[in-house]
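I opened the notebook to record what I looked up.

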Amino acid sequence: MTVLSMLRHGALCLLFLGFPLATSYAAVKALPAHVLESIAAREYHASVHAHELQAPNRAQGFRTRFRDDGIELVERDSSAQSLLRLSLVQWGRADHLQSADLGVLVANEVRVERRSNTLTEWYINTPEGLEHGFDLAQAPPGRGALEFHLQSDRPAQWMHADLIEFGGAEDTLRYSKLRAWDAAGRLLPTQMVLADAHRVVIRVDDTDARYPITIDPLLQRTADIVRTSGQSGAEFGTRIANAGDVNNDGVDDLVVGAYRFDSNGLTDNGAAFVYLGPDFTTSTFLSVNQAGAGFGAGVGGAGDVNLDGFDDVVIGAPGFDGTAGTNSGAAYVYFGGVGTFDATADATIQGPASSANMGAAVRGVGDVNNDGIDDLAVGVPRYNPGGRPDQGGAFIYYGASNFNTTADAVLAINDLSVNSGNALASGDVNGDAINDVIVGSTGYESSANFINEGAAVVYFGGVVTIDTTPDAILRSGQVGATGGASVAVGDFNGDGIGDVLSGAPLSSAATTEAGMVQVWFGNTGSFDTLVDVTLFGTDMVEDFGRSVATLPDINDDGREEIVVGAPRSYNGFGLRTGEVKLYFSAPNGFSSSPSLVLEGTQTDALFGNSVAIGRFNSDSLFDVAAGEPALDISPGVNNGAFYLYFGQSIKVFKNGFE
């Protein structure tokens, strides 16, 4: 079977094309593009099955059944489990509502209409979701705004002016993106409210509107996996990371930090949760018994540092008061193994000095000393050797069958207030087949004129030992930008050598603190410090680049893709819900506009504060995870959440997901 993938707002979507198994990929590839597009589009057409009109939506994972009194959305799989029944029951002016007519159903490809004398209710089935709209030929009698009353069989929750949610967790459906316009194309003021838990009211101000007018909201499914915190103030999802395959079942697992979690009667001792894929139904709880430790402020997959065939996990607690003093910090290593994840730390790394904040960032960095065993990096952003306050750095621990907690290398810049170690990444950026380490240094200043410009600092791996002298300092070049706040490595130009990706979320290059992300292409020999790609945030104080990640080649062009978290960005309705933006490579580089945008659901919930990539289900394809640490779950605040969006294969189109 040949497959075609499409990406749309809020979902990673999969279309199966109906070619027989014997059809070769070469034959399919040879088909004209318009033929392939036609085949893909036809699947979304409405048709009669078992004496009912229905339309499948592979991208959203549901099927719409069109009934006399409305619609029913069901699971697209064989279970056909009901997700939502939604019906228009009344409409008109607030003081002159009338009952909705059953009308006559008329289908034309992806569009289905329910026609009555004065109102046409319509649906358009697309990969982005099910558009649900109304065409009104003339103004109805009465006074006040237009109202359309919709009855649902599932409880609804009002999220904000542009978003109603039905259901919960993976069954959540969003009713959003409401627009209305008149015959002149003028947008009309609109809002959605709840009259009660099962009745949604759409209001439209049609003052001076030229009829006919159109009202157009959209029904979509949310992420494939949604997990939330049951504790107010925990900030669950501040940090998330691919844990690797800790139980060796062939599926990546996820580790989620909640650095302000309270347990055992302690405040802000923090916690981390290890979720095993592919179900992510239960988690192993990890913590420490010290108030204010901030355990979970740093989380990461460690790789297999003890050479037992299972991936390991590392958790940072930068506020831990260790043997070296207050806030010296610590990092805890947990070895993977068969079955459930063991909650007892197998190794504890103590911070080197008071206020060092060891563990602010933690991660496995692969094999940086060429001995065939994975190694570990731990950030200490306020480390101050030699009287250099906040110099910071990263401590490297070489893996071994008898893994020990003595640092084997210290990666630092001999200057004050550099704050090295707030972010870490690794990959081969100089083409010698040995992993290198990238250390984010948000306080780096190339001169007094570039206060807090920040940088991503490159240290080359080597035979026996990693180079502890910076091999390249990749500056943001912008005052106050805090470059290096997030770092990653990926091959973005298809030359087989890793490139460095660095987020500068406070950059004002585009507009005030909109943020930016920069890419430096790797090469053999010395590292070229000239910026090759720059992407900019578009909103003031967007925090674009607060998190970054590399998505392995999605569009089959031999180049990897860029994932950027912008937790303070605005949606299309002026609400700061946060976004995760994906940029797919193209022959001429990366477009300034994202290829896909995943949106948060709640204002100021910091969706995209952290992102992670992995194979989190059983299909061997890469998936995207996003944290939303400030999500409020009534009556709590800042409970937090994370979301998983499952990736899909693309074998037909090579030019993106259009």
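My entries on these topics follow.

**Entry 1: aromatic pairs.** I am working from a predicted model. I looked up the ring pairs and found 19 aromatic pairs in the structure. I started with F236 and F642. Their geometry is tilted, with 5.9 Å centre to centre and 40 degrees between the planes. I then checked where the two rings sit. F236 is in the loop between β20 (225-228) and β21 (239-244), and F642 is in strand β47 (residues 641-645). The two are 406 residues apart, so I noted the pair as a link between distant parts of the chain.

**Entry 2: burial of that pair.** Are F236 and F642 buried or exposed? F236 has a relative accessible area of 2% and is buried. F642 is buried too, at 0% relative accessibility. I used the cut-off of under 20% here.

**Entry 3: a second pair.** Next I looked at F544 and Y583. This pair is edge-to-face, at 6.3 Å centre to centre and 85 degrees between the planes. F544 lies in the loop between β40 (533-536) and β41 (547-551), while Y583 belongs to strand β43 (residues 579-583). The pair therefore ties together parts that are 39 residues apart in sequence. I found both F544 and Y583 buried.

**Entry 4: cluster and charge.** Which residues do ring pairs link into a cluster with F236 and F642? I listed F261, F273, Y275 and F285 alongside them. I also looked for a charge over a ring. R475 lies over the face of F450, 4.9 Å from the ring centre.

**Entry 5: A509.** I placed A509 in the loop between β38 (499-504) and β39 (516-520). Its relative accessible area is 36%, so I recorded A509 as partly exposed. Beyond its neighbours within four places in sequence, A509 is in contact with Q478, M516 and F536. The C-alpha atoms of A509 and F536 are 7.8 Å apart, and the two residues are separated by 27 residues along the chain.

**Entry 6: cavities.** How many cavities of 30 Å³ or more are there? I counted 2. By class I noted 2 nonpolar, 5 polar and 4 charged residues in the lining of the largest cavity.

Methods: Residues numbered from 1 in each chain as written. Predicted model: local features only at pLDDT ≥ 70, side-chain atom pairs only at ≥ 80, totals over all residues. Heavy atoms only, no water. Phe/Tyr/Trp six-rings, centres within 6.5 Å; stacked < 30°, edge-to-face > 60°. Helix = DSSP H or I, 4+ residues; strand = E, 2+ residues; numbered from the N terminus. Buried < 20%, exposed > 50% of the residue type's maximum accessible area, 1.4 Å probe, protein only. Lys NZ or Arg CZ within 6 Å of the ring centre and 35° of its normal. Contact = heavy atoms within 4.5 Å. 1 Å grid on protein atoms, 1.4 Å probe; cavity = no way out; pocket = protein on both sides within 12 Å on 5 of 7 lines; lining within 4 Å. Points joined across faces, edges and corners; volume = space filled by probe spheres on them. Nonpolar A, V, L, I, M, F, W, Y, C, P; charged D, E, K, R; others polar.
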